[in-house]
Amino acid sequence: MAKVLITGEIPSEGLNLLKEHFEVDVFEGEKLITKETLLARVKDVDAIISPLSTNIDKEIIDNAPNLKFIANYGAGFNNIDVKYAREKDIDVTNTPKASTNATADLTIGILIAAARRIPEGDKVCRTTGFNGWAPLFFRGREVSGKTIGIVGLGEIGSAVARRAKGFDMNIIYTGPNRKPEQEAELGASYVSLDDMLEQADFITINAAYSEQLHHLFNKDAFNKMKETAYIINAARGPIVDEQALVDALKNKQIEGAALDVFEFEPQITEALKSMDNVVLTPHIGNASFEARDMMAEIVANNTIKKLNGEKPDFIVN
Ligand SMILES: NC(=O)C1=CN([C@@H]2O[C@H](COP(=O)(O)OP(=O)(O)OC[C@H]3O[C@@H](n4cnc5c(N)ncnc54)[C@H](O)[C@@H]3O)[C@@H](O)[C@H]2O)C=CC1
Ligand SMILES: O=CC(=O)O
């Protein structure tokens, strides 16, 4: 019987399906699997199902001589050395589309939470209390009629744009190529990153990570943004230089930020935690029952396909 290692617990929708077909080893620790444990447990496996917080590098792959398949439980797959996996004839798949609605909802949710100061207001109600309604009290920014800049108009970026359209926002986007269909559907305009930095009231990052995007949002980028602008990141942490973000917020070069992902994840830059104009969520973009169940079904069905000699869906390498 083929052996499958799951490097962190997944919903039963996928797990039960896998158990019907394979000998399944699930890492059940509360913390993330360590490299040492991973190295030991991959030794005789045919497939690995890896939540995106598991790094699968060359060393792990080399320690698994029977490995034929890696099903990444995540839309992003920058945690896997996909190039080396290909050299070893190992297919790697991801779980696209399952996350789209959940992550777009969260992106817009934290954008509005920051702009209208919702977590800050919640904190006031639970701690100091307030003196009553007053014209100058707790003003934030409206989103209606404002310009949203989307970095990466893919599945999630487009779903963010659809939601933004519902708020009568002007949509601009940037990325490696123009997307004529989305432009027609959403009335979105393609701009350079510099134009976006100058024009946008809200910038949301929804791009697939590559080294090219490391610190795209750095000191220079924050310098070019409006003083009233907000940056939202629901893609991958290292796209934002967190120290530069802290400085830009302290120097009032931008007004606020909302982050679902972190440069040194799971660590969060300490200074961000004490800033009221920053909304923080613990990488929960696709943490809905619907998305996580669908992701579990995708990884299970793909593993069954691959180990039965069929071509799995969503190969990324
Ligand atoms: N916060 C969370 O929990 C979640 C985060 N994600 C992240 O969101 C990313 C996007 O997901 P999808 O929209 O489903 O993927 P997708 O593949 O549909 O879209 C990715 C987009 O990024 C764009 N892109 C690539 N390089 C770029 C660059 N240098 N500059 C600007 N844009 C660039 C591509 O053109 C594409 O439009 C994932 O790769 C993942 O890292 C995904 C799901 C949940
Ligand atoms: O960050 C989440 C993902 O699915 O990618």
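Predicted model: local features only at pLDDT ≥ 70, side-chain atom pairs only at ≥ 80, totals over all residues.
**Annotated spans**

An unreviewed UniProt entry lists residues 4-317 as "domain: D-isomer specific 2-hydroxyacid dehydrogenase catalytic". In the model, this span is 37% helix and 15% strand, and its end C-alpha atoms lie 20 Å apart. The unreviewed entry in UniProt also lists residues 109-285, under "domain: D-isomer specific 2-hydroxyacid dehydrogenase NAD-binding". Residues 109-285 are 34% helix and 15% strand, with 10 Å between the end C-alpha atoms.

Seven strands build an open sheet with parallel pairing, and their order is 8-7-6-9-10-11-12. The edges are taken by strand 8 (189-190) and strand 12 (278-280); each has a single partner strand, so one side of each has no neighbour in the sheet. In general, strands of a sheet pair through backbone hydrogen bonds, in either a parallel or an antiparallel manner.

Strand 10 (residues 230-233) and strand 11 are joined by 4 bridges in the parallel sense. Along this pairing, I231 stands opposite A257 of strand 11, and N233 has L259 of strand 11 as its bridge partner.

Which way do the residues of strand 11 (residues 256-259) point? G256 and A258 point one way, whereas A257 and L259 point the other way. G256, A257, A258 and L259 are all buried; the term applies because each has a relative accessible area under 20%.

N223 belongs to helix 10 (residues 219-224). With a relative accessible area of 44%, N223 is partly exposed, because this value falls between the 20% and 50% limits. The C-alpha atom of N223 is separated by 8.4 Å from that of I254, although the two residues are 31 residues apart along the chain.

**The site of ligand 1**

Ligand 1 is surrounded by 25 residues, of which E155, I156, K179, A234 and D260 are the closest. By class, this shell has 10 nonpolar, 11 polar and 4 charged residues. Polar contacts to oxygen atoms of ligand 1 involve both backbone and side-chain atoms. A backbone N or O atom of G154 lies 3.2 Å from such an oxygen atom, and an N or O atom in the side chain of R236 is likewise 3.2 Å from an oxygen atom of the ligand. For a polar backbone atom of G285, the distance to an oxygen atom of ligand 1 is 3.1 Å. On its own, ligand 1 has 860 Å² of accessible area, and the protein covers 84% of this.

**The site of ligand 2**

The residues around ligand 2 are L52, G74, A75, G76, R236, H283 and N286. Their classes are 2 nonpolar, 4 polar and 1 charged. R236 also makes a contact with ligand 1 through its side chain.

| Residue | Protein atom | Distance to an oxygen atom of ligand 2 |
|---|---|---|
| A75 | polar backbone atom | 2.7 Å |
| G76 | backbone N or O atom | 2.7 Å |
| R236 | polar side-chain atom | 2.8 Å |

Taken alone, ligand 2 exposes 190 Å², and 88% of that area is buried by the protein.

**Backbone features in loops**

E265 and P266 are joined by a cis peptide bond with an omega of about 5°. P266 is placed in the loop between strand 11 and helix 12 (270-273).

K97 is not a glycine, yet it has a positive phi of about 70°. K97 is found in the loop that runs between strand 5 (91-93) and helix 5 (100-115). Is K97 buried or exposed? Its relative accessible area is 56%, so K97 counts as exposed under the limit of over 50%.

D168 has a positive phi as well, of about 55°, although it is not a glycine. The loop that holds D168 lies between helix 7 (155-166) and strand 7 (170-174). D168 has 58% relative accessibility and therefore counts as exposed, the limit being over 50%.

Terms used:
Residues numbered from 1 in each chain as written. Chains lettered and ligands numbered in written order. Heavy atoms only, no water. Near = heavy atom within 4 Å. Polar contact = N/O pair within 3.5 Å; in protein donor to acceptor, adjacent residues only side chain to side chain. Areas by Shrake-Rupley, 256 points an atom, 1.4 Å probe, with all protein chains shown as cover. Nonpolar A, V, L, I, M, F, W, Y, C, P; charged D, E, K, R; others polar. UniProt positions renumbered as here; feature names shortened; annotations may be inferred. Helix = DSSP H or I, 4+ residues; strand = E, 2+ residues; numbered from the N terminus. Buried < 20%, exposed > 50% of the residue type's maximum accessible area, 1.4 Å probe, protein only. Pairing = 2+ DSSP bridges.
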